[in-house]
Amino acid sequence: MSERNGARYVVATDVGGTCTDAVLFAAGEPVRLGKALSTPPDFADGVLAAVAAAAEGMGIATDALLAETGLFVHGSTVVDNTLLTRTGASTGLITTEGFEDTLTITRGAYGRWAGLTEDGIKHPVATDRAPALVPGTRTRGVPERVDYKGAVLRPLDEDAVRAAICALVEDAGVDALAVSFLWSFYNDAHERRVGDLIREIAPSVYVTLSSEIAPVPGEYERASTTVINAYAGRIARDYVTTLQGLLKARGYDGPLLVMQGYGGLLPAEEAAGRAVGMLECGPAAGVIGSRHLGQLMEDDDIIACDMGGTTFKVGVIQGGAIEYAREPMVDRYHYVAPKIEVVSIGAGGGSIVALDPVTGVPGVGPASAGARPGPVCYGLGGTEPTLTDVMLLVGYMDPGTFLGGTITLDAQAARHAFEEKVARPLAMSVEEAAIGIYRIAAAQITDLIHEITVERGLDPRDFVLHAFGGSCGLLCGVFGAELGVKRIVVPHTAAVNAAFGLLAADIVHEYSVTRTLPADSPAEEINAIYAPMVERARAQLAAEGFTGDAIALDWSVDLRYGRQVHEVTTPVADGGPMDDAAVAWLAADFEALYERKFGKGSAYRAAGMEMTMFRLSARGLVERPPIERSPPGDGDPAPALIGRRDIFVEAAGALAPADIYDFERLAPGNVVTGPAVIHTPITTIVLQAGQAGRMDAYRNIVIELG
Amino acid sequence: MDPITFSIIRHRLFRVIDEAVITLKHVSGSAITNEGHDLMVSLYRADGSLLMGGVGFLHHLTSAAEACKAVIRRFEGDIGEGDVFLTNCPYTAALHTSDIYLVAPIHHDGRLVAWSACFVHVYDIGAMVPGGFSPDSRDIFTEGFSSPGIKLVEGDTMRRDVMDTLLNMVRAPEMVALDLSSMIAANNVARERMVALIEKYGAEPVDEACAALVDQSETLFRKRLQELPDGRWEARQYFDIEGETCRVLLAMTKEGDELTFDFTGSSPQSHYGINCTYWASWGGFFAPLFPLLCYDITWNDGVLRPISMIAPEGSVVNCTRPAPVSLATVGAIQSVNNAACTCIAKMLSASEAYAKEATAVWHGSHFAIFMFGLNQRRQEAIGILTETFGGAGGARTWADGIDVGGEIPNPIGRMANVETTEATFPVRYLFRRARPDTGGPGRWRGGNGIEFALVQHDSPEGGINYVVSGKGTEFSMSEGLGGGYAGAPCAYRWVHNNRAREDGRNVNPFPTSLDEMTGEAETISWGVFPLKGDDALYVRSDGGGGFGDPLEREPARVQADVQAGAVSAEVAARVYGVVTTAGGVDEDATRARREALRQARLATPVAAE
Amino acid sequence: MSATRISATLAVNEDRAIACLACGHALGPAGAPWKEHARLDEQPMQGAGGAPYSNAERVLLRRFYCPGCSALLDTESALAGDPFLTDIVRV
């Protein structure tokens, strides 16, 4: 698939909880960024506003721009939003008789504590489950049973199914149905038959089958996924269809591609049926963007950080490969779908700085002042000091130039609130206390990154750190140095991270088959499992206009040691089909991956190795124009120097004078030497003493540490 | 100490434990460790006192401290850098022999600065019965190997002779080796991170922060105790093993900022392995105490300082060697948990400010079924059915208990999927669900427990064996609070020849409840049994305790429970006095019914008569 | 302050008597066992709830009621002959 002839632009839009971002570019033109407020529930308005913002100054109307656009890629938080606001369909569940409570009892306490912080977990009396999306009263068990080999032990009782459908639709008034039977990922015949019966009896009801949306072992997580998809399915479908119609009406007649949580795009028509696929796609796009930037800069080991108003998020790319989450959750509901692992803590610019009411020990977040009332210094009514206020107090932010000068920060108010609520109770000066809080925030972030690198056998010193988001540039010089990363990159697109990632993504269809086979099974047995998947993938990509070199098929197999629970997705090195030597290599690769991930001595070989899941990732490579590079000039940043003021310098442990630069006036090749601050229209980058930041050909600021 | 550094160091200490726990789970790929979270890692100060307890099975936080102290006493002068010590002797520190502690000194600049300790329930310990729960044992000698302290690793080198000797005494030695490796790895990670912390902040500031952290917990806990009323509260637990009835009696006294747990009057030690040792009782009441009274206080030695315990020697809560203890964790320790939960809850509910923290007992029986035999792939399979971690929440003073909602002493347990168990053992589930009417009635209802039934499926030997260590089949162990009733007792049934094959009639291979099972149901509660042929095992766990007067429960909630199938209409009418109909509460009938029940109450005699 | 709470259902009133929180009925002096003054219904636990309680034949459910208003003040499970559990809160 490629952009249509004469249609120059590629447009990416990402709808987040607060803001909608747009990135657009064309061959030979600079990358343009736009931001607008999100507009739930009619998100499309915000999408068009963000595109208009990006096109500002181009002298072209949105409709004309869309008419000249060849590719429109899109990510949205609409499904997350449906779950968080509990505004999905009235949903029913049909399941195996005798196991009707699977969803509501959430594997025991699991659903009670999963998703809580450590403090929450330590206080069990105060905990509860989130109410199930399908209560027991809208769940019906029907006679049927399949065993662990996929053998039918008890045939499906179709009369009971008909009765269940009628009861749920007519009496309970559901307009969406989830179907999830035991072992259906081995044998989906019963679920498919129930799907047919629903379409026959109640054609207007939205249906999701577990064997289609999540054909993986584990009936609780599978049922939960199926229910989430049914619950949000119609909203997701209507959303995608509406956006598609609106774009067409505004002059765009190319394809609409929709981002998935695993970091790939799906054509709108297919995405519309997979609501769960859209969960957490914004952070996933961020990681994809980071990987793309890494490819441009020839880095393939990256710690991708994104710090916004409420959270600090981090994902890891190793050897160009992305980590996938093992037990993803949305709100407090489990689901199983391939999803890029992004870990977060409640530390963002809006995070409230407070002393523990009992111990008096200072802390940052997780409570947030959000965008409204926001930090005290915004003057929008915020009274609780936030991390952003601290940044102002340590000299990192310029009251006059924030957000391009659109808001004047009230330093006096920030100082007053911080002194009263933090510094004085700590018996410290405002500066001392602010520096202390800044250090606590940096330490928390260091600990989080430590958790997702060192604890997984990765050494941060081998990694490049990407600092995305409005607040990351303020802290990365400190936590990056403590982690000892090779270098820090603050990307030009730092403030529109997810939308930038959309530009870099390909169409990706994920397929999987669950089977347990010994790791030394004959290659033809494995190839036979893949054959139907490969055929389906090729047909699908062909229908989407991909042929030849534009198709990539990646095989990977989940393996584990016998009697062990940890599975490792192991790529098939040379793709498929496999021969017996390749099967042996796969097992060897698994062992190496396992030891790296779970530590030396963790391998348990006595009970052999098993393959448990066969995955196919089928990619349609989307063509795009290359991103514009500017030729580097000389190193002297003097023309961009706009002032000098005192800022916190970590090495000095105190405020000290530093140079202040304007990002817009920096040119590629310029080198800024710390201690220094670079103000961009949206973000601020702090260089600590001894750090030098160079602007590269893509206008990224690169800080070498190693 | 400077509050900023203190805050950072405290956060880092949390992370040290968390990292060690992840390492432990990673290396030990076993289901009980990973699904059940039946593990613990904590940090201890140089003298062996608890510095920071992790979230795991909380009985162990204090017992591992005793393990550290025992090693310090026993190996004085012989504790070197890179050593790891093993102890699993219940008369020294451990809860039972299957729960092995590995404790490791942490040195900095040649000086011993701290200890890390962890435990897992190992795959096997060489007891009479595979898996370590050994109902047939009548003394500690038949409960597997037991060491009061042995050096397993010396200067970062495994002592092969010791390891080989240990592994020579267990079934599935490779699995036990992996369990031990996982604990060594966890201790190594804890040590590395702790040393890194000291190197960044300096030995003295870290030591000062650790001391401050312990003092802070003590100060905060004493302050909390001061805020609670003085008094003396009693609790009593019964359990029944093979016709023996045991009592655990607890009187908890609070005076000022101190608490005493007195078990005087508890039964003499049993012939069966449900006894527990002194340190197990000590850990047994701390397990609920930490989350109930110290939910916002760091769990460390500071919390221990205001507490004392009286446990009579030779009793079921302080047995004398060589009494058997292999089932202590689901036996007497569980009763200590429950009794402590009740006394603490009574104290909390005597305070306006803290009443919201009170709870009736959760998951009182902690029923456990251990399976062993060959699985469908002809591999030896030993393991616990993880429904034991399913639990049932006790009612709170402001909310119902959580159906199949876990337990207090292991805040993050969970049970495996049916599909996971069916893939691991040669069994098929007939049903698994929350059991209506098991939660104790009350103004706030206790959480319902779980019920399930299994048959063998594809077993190469025609079946598999299971260990039942039942107690709480005759007694409700999840006591109610403030007028709430205790939860229902648990039940085990061996359903003989569920599928009546002789004449082809009455054949029901797919019963979805005990009532639908056609075979003869034999009540069992103790011992090793086969699950073979067409027999079935039915298990029902106990429900959580209720809170408050059932007649005070809002009728709409009772109606909702009946509609959701959590409470039967019969119980709604008889116990709650609420008459439910398909269309909603019958208000008039309910009013009349409740009035009649209240009148009946007033017709009962005064207790003194 | 007129009454001080000593449990979920009881308080000590200004006359230093233990009193029902619901109706104020007095149940003896503060600091002394109060259960003897309550009405007692002692039945096998198996009657406490539905079918799952059927095994609890031997153990008794003791229900202590307020003689004034019939409110359920406390419960115990006990074997016949075992003494009442005594809770004393000092006010």
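The model is predicted. Chain B holds 13 helices and 22 strands, and 65% of its 609 residues are buried. Two pairs of chains touch, and the pair with the most contacts is A and B.

**Overall shape of chain B**
- The radius of gyration of chain B is 25 Å, which agrees with the value near 25 Å for a compact globule of 609 residues.
- The C-alpha trace of chain B spans about 80 × 60 × 40 Å along its principal axes.

**Contacts within chain B**
- Of the contacts in chain B with a separation of 6 or more, 73% are between residues 24 or more positions apart.
- Buried residues account for 65% of the chain.

**The β1–β2 hairpin of chain B**
- Strand β1(B) covers residues 39-45 and strand β2(B) covers residues 50-53; the two pair in the antiparallel sense over three bridges.
- Across this pairing, Y44(B) is opposite L50(B), a residue of β2(B).
- Four residues separate β1(B) from β2(B) in the hairpin.
- G48(B) lies in the turn and has a positive phi of about 90°.

**Contacts between chains**
- Chain A and chain C are joined by no contact; their closest C-alpha atoms lie 17 Å apart.

Technical notes. Residues numbered from 1 in each chain as written. Chains lettered and ligands numbered in written order. Predicted model: local features only at pLDDT ≥ 70, side-chain atom pairs only at ≥ 80, totals over all residues. Pairing = 2+ DSSP bridges. Rg over C-alpha atoms; globule rule 2.2 N^0.38 Å. Buried ≥ 20, exposed ≤ 12 C-beta atoms within 10 Å, placed from the backbone. Contact = placed C-beta atoms within 7 Å.
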